[in-house]
Amino acid sequence: MNTRKAQAHITYLGADITQDIAPFLMSMSYTDNGANRADDLSLTLADRDGRWHNMWMPENGDEIQAEIQLENWYGPGMNRVLACGTFAVDSLSLGGPPDSISIQALSYPGNDAIKNETHTRSWEVVTLRQIAARIAASAGMTLMFETEDIRYDRLEQNQESDLSFLASICEKEGVSLKITNHTLVLLDDRAYEEQPPVRTLTRGESDILSYSFNRSVVGAAYTACEVSYFDSTANRTIQGAYRLPGSSGPILKLNERVASEAEAIRKAKKALYQKNKEAQRASLTVMGDYALAQGLTVQLAGFGKFDEKYLIESARHEVGRSGYRTTLEIRRVLAYV
């Protein structure tokens with residue numbers, strides 16, 4: 001009989017412990033994050049005899065590799081593997097009774113200096129790619145750069161960690177930053193928004209277990225953005241603006257350092273995008289689907305005026321004694337990019 005099955009596969013410090021851990025494993029969840037967050041892994045283990053908070057207790061920084069292995073998931077003989085990646089143990093907690101251990105691990109490098117060590121330095125005549133490449137190299141990571149490269153005359157890093165500094169630049173430029181599987185990733189959400197949906201999730205037809213929607217107009221319904229900066233050296237004000245075609249309404253006004261009108265317009269367009277993308281969000285839990293990943297898009301149907309195309313901002317895949325489920329945090333794709 002071809003039974004449908006989902007199973008966690010765990011490698012710890014280079015050793016396959018899948019069978020050893022099976023009697024204790026209550027659940028494993030892997031979250032494929034975006035929005036300047038690391039991917040994370042969580043293991044919940046029954047600890048009836050206390051071994052997990054004694055001789056088997058993991059140490060911070062220990063490396064874990066995880067997969068979700070699917071057998072006959074989409075039909076007889078249709079096996080799939082979701083490679084979750086490599087993680088470093090970040091924290092653990094003990095609860096009870098009955099005793100259980102929760103192990104949290106993140107996709108940061110084991111030494112995590114990229115997020116904990118602070119630096120003060122000036123970056124002069126440099127591009128975004130060069131900054132990201134230097135930070136990735138110092139953390140022992142590779143770089144995946146899938147966005148527009150931008151040149152800066154001068155940037156100041158003042159008592160900030162490399163990750164915090166880079167994240168602040170990416171936020172202003174409308175670039176998503178993440179760390180996954182020893183790779184520092186910079187990507188442009190707008191390019192991903194243009195891709196066709198990988199799934200259409202239809203109310204009453206798809207395996208949707210729960211859903212919630214939120215629409216907000218407070219701080220997320222601007223029709224234009226104006227950027228201005230007074231250059232004291234040249235004794236002049238530099239201005240630039242971007243307005244959504246055929247629109248009228250609230251204007252987002254920013255005072256930011258710019259060197260030209262073209263730069264002001266570029267920053268205005270990106271700032272408007274960053275604000276307005278928060279306007280409509282949803283959370284969905286579906287039967288486990290390994291193909292749903294951060295950065296992909298889905299189309300919703302059967303939800304009335306919420307029926308639109310959405311970008312997956314995070315996908316949490318959880319496998320345990322209750323089966324395999326995927327929870328999506330999504331936001332509406334803007335009509336303009």
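R154 is found in strand β10, residues 151-161. Strands here are DSSP runs of E with at least two residues, helices are runs of H or I with at least four residues, and both are numbered from the N terminus. R154 is partly exposed, because its relative accessible area is 44%. The classes work like this: buried means under 20% relative accessible area, exposed means over 50%, and partly exposed lies in between, with a 1.4 Å probe and protein chains only.

Which residues does R154 touch, leaving aside its neighbours within four places in sequence? It is in contact with S122, W123 and E124. Contact means heavy atoms within 4.5 Å. D188 is 34 residues from R154 in sequence, and the two C-alpha atoms are 23 Å apart in space.

## The model and the whole chain

This is a predicted model, in which local features need pLDDT of at least 70 and side-chain atom pairs count only at pLDDT 80 or more, while totals for chains, interfaces and linings use all residues. Residues are numbered from 1 along each chain as its sequence is written, and side-chain values use heavy atoms, with hydrogens and water left out.

The protein chain has 6 helices and 21 strands. Its C-alpha atoms fill a box of roughly 75 × 50 × 35 Å, taken along the principal axes. The chain has 337 residues, and 46% of them are buried. Now take the contacts in the chain with a separation of 6 or more: residues 24 or more positions apart account for 65% of these.

## Helices α3 and α4

Helix α3 spans residues 128-138, and helix α4 spans residues 162-173. They pack at an angle of about 160°, with their axes 11 Å apart. That makes α3 roughly antiparallel to α4. Axes are lines fitted to C-alpha atoms, for helices over the stretch in contact, and angles run from 0 to 180 degrees between N-to-C directions. Under 35 degrees counts as roughly parallel, over 145 as roughly antiparallel, 65 to 115 as roughly perpendicular, and the rest as oblique. The crossing of α3 and α4 is left-handed. In a left-handed crossing the near helix is turned anticlockwise from the far one by less than a right angle; clockwise would be right-handed.

Which residues make the contact? From α3 come L128, I131, A132, I135 and S138. From α4 come D162, F165, L166 and I169. They divide into 7 nonpolar, 1 polar and 1 charged. Here Ala, Val, Leu, Ile, Met, Phe, Trp, Tyr, Cys and Pro count as nonpolar, Asp, Glu, Lys and Arg as charged, and the others, Gly among them, as polar. An α-helix has 3.6 residues a turn, so residues three or four places apart point the same way.

α4 has 12 residues. It reaches 17 Å from its first C-alpha to its last, close to the 16 Å expected at 1.5 Å a residue. The expected span is 1.5 Å times one less than the number of residues. Buried residues in α4 are D162, L163, F165, L166, A167, I169, C170 and E173. G174 follows α4, and its phi is positive, near 70°.

Helix α6 covers residues 261-276, 16 residues in total. Its reach is 23 Å from first C-alpha to last, close to the expected 22 Å.

## Strand β17 and K253

K253 is in strand β17, residues 251-255. Is K253 buried or exposed? K253 counts as exposed, because its relative accessibility is 62%. K253 and G50 are 203 residues apart in sequence and 58 Å apart in space, C-alpha to C-alpha.

Most residues other than glycine have a negative phi, and most peptide bonds are trans. A cis peptide bond joins G96 and P97, with omega about -10°. Another cis bond joins P97 and P98, with omega about -10°. P97 sits in the loop between β6 (80-95) and β7 (100-106), and P98 is found in that loop too.

N181 has a positive phi near 50°, though it is not a glycine. H182 has a positive phi of about 60° and is not a glycine either. N181 lies in the loop between β11 (176-180) and β12 (183-187), and H182 is also placed between β11 and β12. N181 counts as partly exposed at 39% relative accessibility. H182 is partly exposed at 32%.
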